Amino acid sequence: MKSNVLVAGATGNLGTRICSELIKKGASVRAIVRPSSDQEKLETLRRLGVEVEVRDLSRVDDIAESCVGINCVVSALAGLAEVIVDLQTRVLDAALKAGVPRFIPSDFCTDYNFLEPGDNRNFDLRRTFKSYLDSTGIQASSIFNGAFADILKYNIPVLNLKDKSIGYWGDKAHWKLDFTTMDNTAAFTAAVALDDSAPRDLQIASFQISPDELRTQVQEITGSGFSIIMMSSLEEFAAYIEKQRANDPAGEYELYAKWQQSQYMYSMFSTQHAELANGRYQEIAWVSGREYLETFVR
Ligand SMILES: NC(=O)c1ccc[n+]([C@@H]2O[C@H](COP(=O)([O-])OP(=O)(O)OC[C@H]3O[C@@H](n4cnc5c(N)ncnc54)[C@H](OP(=O)(O)O)[C@@H]3O)[C@@H](O)[C@H]2O)c1
C-alpha cells in the first residue's frame, strides 16, 4: 500500500530534500505550509509531485484536516521555542487528532540524550518538545545527524581554510566528530518515515573525523601545511560561552547566535555517536570525509 507522509517545514533546506527523497521512494507526500511561505518554494514542491496545502498553522483543527489518512508526520521545521515547542506541539496534536500513528520531530542535531540540559539552548527546546511527544504514546523516531557537513565550509575553528588551521578543545585532537551531509540526512529520514519498525532514536553520520584526521586530509588535498591548535580546555570553553551569551542578550532571539554556534561545537566535543544506524537502509550512499572535503577544499 502506498505510504502517505505529511511534511511540516517542507519549504526549508532539509524539508525540500526530504520531500524529494520520499517521492523517489514512491510515497505520496503532502506539505503543510503557511500563507506567507515563498511561492517559488511552493512551486518547487509542486514540481516534485508534493501536494501543497496552505494552512492556518495557529489552529490544530486546520492542521488536522491535512493529517487525515497520513501514516507518518515528518517535521523539518526550524526555529526557537515558538516553532520547536509551540508549533510542533500543534502539529503533533493535529496528528493525534487525525489518528496518525508515527511522528518524526525536527531534531536533526547531535544526540542530546547524552548531553547535559543547559549546555545547548537549541537542544533544550528539543528536549522540552520530546517530553510532550513521548508522553502521547505516538510512535516517534528522532534522527541525530551530528552537524550538517556544510559547516566545514564556513572557516569555523575546527577547519579554517583562510588561516590554514585546525582547532580543537580539551585534549581531543583524536576525538571523532560527527558530520552528515544534508542529502544523506534527507535520504535517511525518508527511509525512516517509510519504516514502521524504526526505533525511537537513530544516530547517523556520513563521516566521523577527528581534528588530527581532518588536518591530514586537508594537507593531502591542498599540498600545504595546516597548524593544529588546542583552543582551550572544555571547562574554559564552557566559561567563555557563558560570558559570550551574557554579553549578547539579542542572541536569545536568534536561532544561530554566535554563542549558540559555540554551544554546538562544545556539544560535538562532549559526545559522539557511538552506535550508528547507517547500515539500516542499504540504498543510502554515505559520503566519506575525503569525498566531501574534495568538493570544496582546494
Ligand atoms: N545539525 C546541524 O548542523 C543543523 C544545521 C542547520 C539546521 N539544522 C536543523 O535541521 C532542521 C531543518 O533546518 P533547515 O536548515 O532546513 O531550516 P530552514 O531552511 O530554515 O527551513 C525552516 C522551515 O521551517 C518553516 N518555519 C520556520 N518558522 C516557521 C513558523 N513560525 N511557522 C511555520 N513554518 C515555519 C519554514 O517555512 P517558511 O518557508 O514558510 O519560512 C521552513 O519550511 C531544523 O531542525 C534545524 O535546526 C541542523
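**Close-up views of a predicted model**

Strand β2 (residues 28-33) is mostly covered, since five of its six residues are buried, where a residue counts as buried if 20 or more other C-beta atoms, placed from the backbone, lie within 10 Å of its own. This is a predicted model, in which local features need pLDDT of at least 70 and side-chain atom pairs count only at pLDDT 80 or more, while totals for chains, interfaces and linings use all residues. Residues are numbered from 1 along each chain as its sequence is written.

**View 1. Strands β1 and β2 run side by side.** Strand β1 (residues 4-8) and β2 run parallel and are joined by five bridges; helices (H or I, at least four residues) and strands (E, at least two) are DSSP runs numbered from the N terminus, and two strands pair if DSSP finds at least two bridges between them. Within this pairing, A8 has I32 of β2 as its bridge partner.

**View 2. The largest nonpolar core has 72 residues.** Such a core is a set of buried Ala, Val, Leu, Ile, Met, Phe, Trp, Tyr and Cys residues joined through C-beta atoms within 7 Å. The members that touch the most others are V5, V7, A31 and V73. Helix α6 (residues 182-193) supplies the largest share of this core, six residues, and at least three residues come from each of domain 1 (4-144 + 182-204) and domain 2 (149-177 + 207-274 + 283-294). Leaving aside residues up to four places away in sequence, V7 touches G15, I18, C19, V29, A31, V74 and A76, where two residues are in contact if their C-beta atoms, placed from the backbone, lie within 7 Å.

**View 3. A193 lies in helix α6.** A193 counts as buried because 28 C-beta neighbours lie inside 10 Å. When residues up to four places away in sequence are not counted, A193 touches V5, L22, C72, V74 and I104. A193 and L177 are 16 residues apart in sequence, and their C-alpha atoms are 26 Å apart in space.

View 4. The contact takes 19 residues from domain 1 and 14 residues from domain 2. On the side of domain 1 that touches domain 2, the elements giving two or more residues are α5 (121-136) and α6, and the largest share, five residues, comes from α6. The residues on this side of domain 1 divide into 10 nonpolar, six polar and three charged, with Ala, Val, Leu, Ile, Met, Phe, Trp, Tyr, Cys and Pro counted as nonpolar, Asp, Glu, Lys and Arg as charged, and the others, Gly among them, as polar.

**View 5. Three strands form an open sheet in the order β8-β10-β12.** The pairing in this sheet is mixed, and the edge strands, β8 and β12 (207-209), each pair on one side only. Strand β10 (residues 177-180) pairs with β8 in the parallel sense over two bridges, and the bridge partner of A147 in β10 is F179.

**View 6. The ligand is surrounded by 26 residues.** A residue is taken to be near a molecule if its C-beta atom, placed from the backbone, lies within 6 Å of it. The closest are T11, G12, N13, L14 and A78. Elements that give two or more residues to this shell are α1 (13-24), α4 (81-97) and β8 (147-148), and α1 gives the most, with three residues. The shell divides into 14 nonpolar, nine polar and three charged residues.

Key
Buried ≥ 20, exposed ≤ 12 C-beta atoms within 10 Å, placed from the backbone. Domains from an automatic or database assignment.
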